[in-house]
Amino acid sequence: MAAPKMSMGKPTADRLPCNTTSFQKKSRSKLVSIPGTRPSIQNGQLIVSTGVTSLDYVIGGGLAVGTLLLIEEDRYDSYSRMLLKYFLAEGVVCGHELYVASALDHPNDILQELPAPILDDIASPKTVEDQAKSCDPESQDAMKIAWRYQHLPKVQTALASSSRFGHYYDVSKTMDTEICQAARCHGFYLPEHSTAVTSPTATRQSPMPETYSSLLNNLQEVIHREGFDGSVPQTKSRNILRIGLHSLGSALWGDDLCCRENPSHGHALTTFLYGLRAMLRSSLSVAVVTVPSHLIQNRALMGNITRLCDTAIALESFRGSERETNPLYKDYHGLLDVRQLPYLNCLVCDLPDNKDLAFKLKRKQFTIERLHLPPDLSETVSRVSRGELTGTAMVGSSGCGSGSTGNRHLDF
Amino acid sequence: MFAELNSILNTSPDSFKPGEFILVSDKHTDASFLIHHFLSFYLRAGCKVCFLGLVQSFSHYSAISQRLGVSLTQAREKGQLVFLEGLKESLGVLLQGEASKGTRAVDFLRDPSSGLRGLYDFVRDNVRGAVGGGEEWGPPVLLVDDLSVVLSLGVSVGAALDFSHYCRATVCSELQGSMVMLVRCEAEEEEESDDEGSERLLRGLIHQCSLTLQVQGLPTGYCRDIHGQVEVCWRGQCDRQQTQKKLFQYKVHDKGASFFARGMSSAVL
């Protein structure tokens with residue numbers, strides 16, 4: 001009773017600013033202060049964006065700091081490589097430190113082909129809005145035959161969360177060199193390290209071959225030196241280390257996983273991933289690993305690899321397969337399979353409502369969408385042009401297709 | 001601790017059967033929620049718990065146990081819980097420069113062919129110490145989160161089975177405690193599984209254990225409202241009780257899990 005009286009007595013002009021501040025979000029300012037991160041809605045973990053907004057949505061908001069994302073490469077490693085570059089580019093834009101390891105291309109070469117950020121951020125959301133607007137007058141004028149459906153939410157095939165997190169990128173351009181230069185980057189190029197490590201470790205019996213152990217040691221050295229492991233009291237502000245490891249398990253890493261069914265170093269990659277997991281858990285870092293899984297013949301081994309990662313997705317591109325010309329898949333460039341989602345500090349993981357996902361590379365942007373079939377068109381309708389077909393495919397996915405009839409010339 | 005699972009298994013923290021070896025296995029899904037159940041169950045029962053957490057960090061288990069109403073940090077301080085954090089211990093061993101650091105428990109990382117002797121010694125010292133020390137805790141309990149991860153680290157199936165056999169002899173038979181192990185199985189049935197590591201480990205452990213909880217994803221595919229099915233199998237005991245099997249479907253919630261008969265999900269009724 002006392003509290004309302006007190007507030008009644010006060011002049012309203014005083015109360016208004018009070019009210020606006022009283023609903024401040026309780027947050028641990030120390031963690032949130034890192035740019036490019038935010039706490040997860042689900043379990044409070046600090047998450048970072050993968051650089052692809054729709055991928056963030058699919059894996060439950062983003063990558064939790066201290067976890068590992070496994071990307072199973074598509075056959076030509078084109079889209080998985082693109083996802084890796086997105087991940088690194090997002091790090092550059094957010095001011096995170098990078099660590100790139102590769103056995104094939106020099107890390108500097110990978111960094112030079114990062115996609116350019118769209119920093120004004122208006123282009124991409126606007127297209128969605130436009131699309132929504134174009135639908136709006138139509139639905140107002142439309143006859144109310146399907147009145148039962150009018151309260152149903154609009155079906156959006158492109159996946160995105162309500163609030164923006166991460167940036168959009170233009171894959172047709174590369175990032176400016178000045179932005180690239182500004183980022184702190186550590187590279188690990190295997191041919192430069194392979195000679196140095198052979199002698200001291202040759203005698204010791206280790207489950208890992210020297211390539212992986214030298215990578216692990218190098219990574220630990222960087223994490224320790226730059227203070228990501230929190231063991232060193234820090235004076236400067238905290239930052240995130242983004243680790244990108246390209247094509248682990250391929251023959252270039254000295255691994256014969258891909259060559260034989262019973263590889264001689266069958267535990268090398270899993271042991272490395274176990275060590276990497278241990279390292280990530282105790283530091284402010286997040287890693288993306290790509291593995292050419294289609295080359296690994298032993299499926300059980302691939303299962304073990306997946307289990308040691310936190311999030312696992314697989315890309316299967318249509319390029320080179322007969323699905324490329326299949327009319328069912330004409331809107332997409334490949335399928336995306338979410339193999340595993342992490343259980344972090346809670347019993348349930350963020351379960352998606354739909355696991356049939358496909359990706360496509362638009363002119364400038366990589367997106368992930370729910371896979372849906374184009375509407376079954378009868379013979380009479382099949383003569384309409386392809387542009388209209390995609391239009392019907394976009395709107396007609398709600399099942400009734402009533403909204404799409406407006407822009408046709410003939411309704412009957 | 002999930003009350004529904006307790007009624008299915010006919011146990012409670014006040015009265016549970018001593019000397020049990022419970023095997024939890026999963027395939028195409030994640031059964032770690034059962035490990036969290038048993039962890040909070042035995043901590044509530046006042047047992048001395050030895051937990052080998054090989055795949056996650058202590059803070060992960062602690063955060064979940066907090067939701068289930070048990071504080072791991074307190075239990076650890078009181079001496080009720082002994083927690084081996086595999087990830088933390090192994091990092092020093094895997095990095096070459098610090099070969100001397102780390103406990104003997106993760107010796108298998110230095111030389112996988114030597115087996116899990118160090119890990120067993122760790123378990124034995126902790127559970128024996130609990131009984132001899134005159135502490136107020138009940139019978140010892142050993143929990144292993146994911147024994148199959150040692151296969152990924154190069155340990156042979158035989159060594160892993162030896163480890164579980166030794167542990168069973170010490171914990172279940174000698175000290176009348178209990179044991180819960182989780183193994184994960186990734187094999188597909190259609191492939192020949194003769195040289196399959198995790199499949200062989202699973203078969204060997206089923207042979208040893210007294211109760212199995214086999215968790216699987218739904219055979220018909222992914223579903224949002226039913227996370228999978230669990231097959232509970234009691235081994236026949238000496239009193240001529242037959243081997244008994246029951247199949248349930250389950251759904252994991254934020255703070256627990258619900259179990260129901262097949263087709264009886266609240267989402268479809």
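Tutor: A charge sits over a ring if NZ of Lys or CZ of Arg is within 6 Å of the ring centre and within 35 degrees of the ring normal. In this predicted model, local features need pLDDT of at least 70 and side-chain atom pairs count only at pLDDT 80 or more, while totals for chains, interfaces and linings use all residues. Residues are numbered from 1 along each chain as written, chains are lettered from A and ligands numbered from 1 in written order, and side-chain values use heavy atoms, without hydrogens and water.

Student: Over which ring does the charged end of R76(B) sit?

Tutor: That ring belongs to F58(B), whose centre is 4.2 Å from the charged end of R76(B). In chain A, R242(A) lies over the face of F87(A), 4.8 Å from the ring centre.

Student: How many aromatic pairs does the structure hold?

Tutor: Rings of Phe, Tyr and Trp (its six-membered ring) pair if their centres lie within 6.5 Å, counting as stacked with planes under 30 degrees apart, edge-to-face over 60 and tilted for the rest. Over all chains there are 21 such pairs. F2(B) and F33(B) are stacked, because their ring centres are 6.2 Å apart and their planes stand at 25°. The pair links distant parts of the chain, 31 residues apart, with F33(B) in helix α2 (residues 32-44) of chain B.

Student: Are F2(B) and F33(B) buried or exposed?

Tutor: Both are buried (under 20% relative accessible area, with exposed over 50% and partly exposed in between, for a 1.4 Å probe and protein chains only). F41(B), with a relative accessible area of 3%, is buried too.

Key
Helix = DSSP H or I, 4+ residues; strand = E, 2+ residues; numbered from the N terminus.
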